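Please read it with the structure open.

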Amino acid sequence: MSNANSNDLSFVRTEILPERTPPTSAIGVVGWMRANLFSGWFNTLLTLLAILVIYSILSVILPWLISPTWGAQSLDECREIIASTFGPNVDKACWGVINDRWIQLLFGFYPSELYWRPILAFILLWAALAPVLFAEGTPRQFLLVTALYPFVMPWLLWGGTIWTPLAILAGFAIAYGIVRLGASMIGTLSAIILSVVVALIWWLLVAGPLAGQLQSIIPLALTEVTSRDFGGMMLSIVIGVVAIGFSLPIGIILALGRKSNLLIVKALCVGFIEFIRGVPLITLLFVASVLLNIFLPPGTSFDIILRVIIMATIFASAYVAEVIRGGLAALPTGQYEAADALGLDYWRAQRLIIMPQALKISIPGIVSTFIGLFKDTTLVSIIGLLDPLGLSNAIRADTDWNGIVWELYGFIALMFFVFCFSMSRYSMYLERKLQTENR
Amino acid sequence: MASYSDPPKESFRPSMLIYDTRYRGITIQIVALIGFLTLLGWIINNTAQNLADLGMRPSFGFLMEPAGYDINQTLIEYQNQDSHLRAAFIGLLNTLLVAVMGCATATILGVLVGILRLSKNWLVARLMTVYVETFRNVPVLLWIVFTMAILIEVFPPPSAFRGDDPEASMAVFDSVAVTNRGIYVPEPLFTRGFGDLSVFGLFEISTNLIVILAVLFAGIWGARKVRQRADRIQNATGVRPTTWHFSLGLIVIPVLAVLIALGLHLGYPALRGFNFQGGIYMRNSLIALWLALSIYTSAFVAEIVRAGILSVSHGQTEAASALGLRPNRVMNLVVLPQALRVIVPPLISQYLNLTKNSSLAIAVGYMDITGTLMGITLNQTGRALETLLLGMLIYLTISLSISAVMNWYNSRVKLVER
């Protein structure tokens, strides 16, 4: 059949029909609603139910939230304002308490003229975490901040002379120097043992007096703040960050120990991990508050926040160990075999091949462990520390605000929600990123 | 011709303990063991010295002394003259009670939310996302005290039920009283019951309950037999006989018969004096803890269920449909077994978390093992070391038993790989 012939056929169209608009019921808002909300009797029922639920919740909460009581100085004043604006017997929020106490909920009883210190520590925290959180795109110089942060943060928060953290840092420098120089002279192993011994002697015997001497020569010190004044969100963040920071190296060692084929080492690690994971955090906090001083030599006593941080670190390290063990297990066996085939010894293989990959896989898990720990820091209110929840009880004990319930709980819940939600979103983003990279 | 011989035997040198891989492992282990034992010895030594300074000797004798405090919510008989050990046991039962109740509710809620989150209905899916994110991103302790505050502030006091024209009235056909002290629900009573059975003289178990449970399990066993017979018939003939009415009858009718024979009736709570009497009384603290734990955990369960369902690839469902299976059999035979393999291990670890979180009962005054043994008993006797060790041991036992069940299940359903 030729072309010319086909052109003659009257039923073959030569031009394309103009596009017609789809029926109005399939496009736009209406179409979307038909597809997503009312696509059948069951779906319609669900939608109506959902609307009912949302309405019944919002109709209670929204009118309660909208309340012009931001400036009130006490609950009675709130009630007067509400009564004069809306009439008697109207239940409305009293926002005066948040206006009055939000700073306290953030910082506890930290001296108000020194608020710049926790704020600076918080900002530096992000700089220190940058190489971990956003691995690409951070200049290598940030690693220096990361390395120095463990020494800067306690100094900023607790204050005191700058020479103490510097003396402790010097101990690390000395140990590192001995390893670097001594490795060629007396062998790696002896150098490591020597460096540990020297560093311990330095910290236990030399560092304290030296810092005192230097302080008397060149006084460089921040005002000291006792742990008793720590509180609020700051306390939660301090406990969470310090505990997770210290638990990382401990967790790595525990995870390696659990995977090792040395029987005794493995048994010790498994026993430790399962014991810690088997008991609730609150019992460990009880141990911190009543028992830890009994375990230490007579006469030792350090403050409760430090004890809580120790127990939180022990608690977190067991969970981090399990997360890292998961990361180690997720690595293909080929990686281990390749490392062996290259002739790397155990520690080199771990450092160069296994750990970089395993830790990368475990970061989302570590972040969720951190979220869990951060939420669990509220438990310290049970042993009498003034975290946000503990502070809320203290605030309600004040005669001005006696009877306030929902505003405080709501505010604290909101603070935790903002932190935890953003961290979990970050962890999800990271998981997605890692997934595409592995494919 | 090449001849092989063993390499010359080296004599043992001490340096081989470190540099020879054959011996290095042993060296490291011995060093680790010595280090651990030293640490342990150091701690025990310190403890002994500190306790000696305080004039105390570790002993568990205090457990037999009278406790002297009341427990306001008990499952079995308890007076304040009973021993500390019995008080601890009451606490343990309370822990288990709230853990079991919480796990059940969290599972039901979590499965519901998890499935609804996958709904094609945009509004419902978003609503469930909000539910999950709200509840899991706020500390559980906050939810517990928050729920407690709601129960106290929102519900009427028992006095509101009094008078001819009371402010509050009982719910569900005048049978359930919801007050700010707790909830009273009708209790089952038996006119012709068998009475209680004493177990070793320690506590009493209702014989009626045992009889009812025995009949129920016999019914379930019978229903299982019926199903197996249906399977056999289906294998032989290809036609599956209808059995559901038969099974249902096997389970329901005997239990009903026993209940009628025992003379079941309900004891309703009634306002007498300042408070309600009769019925089963659930304290606010129990309800707050139970609700908060279940809702908090259900958010995690929902995510687990959602992940489990998503993990079964669509091809599986399509293949099952192509084989001619009906939708509910596709669900039962193809999707659920695969999804459960993903769901169950993290689900059980959530149960573990819930059980451990139930120790937060102390924040609302519910007397669980933390509140009795590690709370009041500790404060009264001052035996911190013994009570805390015992309490941790109990929690550890619970956790390890749950893990053992998990490992057993895991090994049972694990895919057999090469």
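**Notes on the predicted model**

1. Helix H13 of chain B, residues 384-413, is 30 residues long and spans 43 Å from its first C-alpha to its last, close to the 44 Å expected at 1.5 Å a residue. The model is a predicted one, and the remarks below should be read as such.

2. Several positions in H13(B) are buried: Glu386(B), Thr387(B), Leu388(B), Gly391(B), Met392(B), Ile394(B), Tyr395(B), Ile398(B) and Ser399(B). What do the buried residues of H13(B) pack against? Their partners come from both chains: H11 and H12 of chain A, and in chain B helix H3 (84-117), helix H11 (327-357) and helix H12 (369-381).

3. The contact between the chains draws on 44 residues of chain A and 46 residues of chain B. On the chain A side, helix H3 (41-65), helix H11 (263-278), helix H12 (281-295) and helix H17 (406-438) each provide at least two residues. By type, the chain A side consists of 35 nonpolar, 8 polar and 1 charged residues.

4. The largest nonpolar core has 151 residues, and those touching the most other members are Leu285(A), Val308(A), Ile144(B) and Leu289(B). Helix H9 of chain B (residues 284-311) gives this core its largest share, 15 residues.

5. Leu75(A) lies in helix H4 of chain A (residues 75-86). Is Leu75(A) buried or exposed? Leu75(A) is buried because 21 other C-beta atoms lie within 10 Å, and the cut-off for buried is 20 or more. Setting aside neighbours within four places in sequence, Leu75(A) is in contact with Cys94(A), Asp400(A), Trp401(A), Asn402(A), Gly403(A) and Ile404(A). The C-alpha atom of Leu75(A) is also 7.9 Å from that of Val97(A), 22 residues away along the chain.

6. Leu96(B) belongs to helix H3 of chain B. With 16 other C-beta atoms within 10 Å, Leu96(B) is partly exposed. The C-alpha atoms of Leu96(B) and Asp368(B) are 8.5 Å apart, although 272 residues separate the two along the chain.

7. Chain A contains 17 helices and 2 strands. Its radius of gyration is 31 Å, well over the 22 Å that the globule rule gives for 439 residues, so chain A is more spread out than a compact globule. Along the principal axes, the C-alpha atoms of chain A fill a box of roughly 100 × 85 × 45 Å. Of the 439 residues in chain A, 30% are buried. Among chain A contacts with a separation of 6 or more, 69% are between residues 24 or more positions apart.

8. Chain B has 13 helices and 9 strands. Why is chain B described as more spread out than a compact globule? Its radius of gyration is 29 Å, well over the 22 Å that the globule rule gives for 418 residues. The box filled by the C-alpha atoms of chain B is roughly 110 × 80 × 50 Å along the principal axes. Buried residues account for 27% of the 418 residues of chain B.

How values were computed: Residues are numbered from 1 along each chain as its sequence is written. Chains are lettered from A and ligands numbered from 1 in the order in which they are written. This is a predicted model: local features need pLDDT of at least 70, side-chain atom pairs count only at pLDDT 80 or more; totals for chains, interfaces and linings use all residues. Two residues are in contact if their C-beta atoms, placed from the backbone, lie within 7 Å. Helices (H or I, at least four residues) and strands (E, at least two) are DSSP runs, numbered from the N terminus. Ala, Val, Leu, Ile, Met, Phe, Trp, Tyr, Cys and Pro count as nonpolar, Asp, Glu, Lys and Arg as charged, and the others, Gly among them, as polar. A nonpolar core is a set of buried Ala, Val, Leu, Ile, Met, Phe, Trp, Tyr and Cys residues joined through C-beta atoms within 7 Å. A residue is buried if 20 or more other C-beta atoms lie within 10 Å of its own, exposed if 12 or fewer, and partly exposed in between; C-beta atoms are placed from the backbone. The expected span of a helix is 1.5 Å times one less than its number of residues. The radius of gyration is taken over C-alpha atoms; the globule rule is 2.2 Å times the number of residues to the power 0.38.
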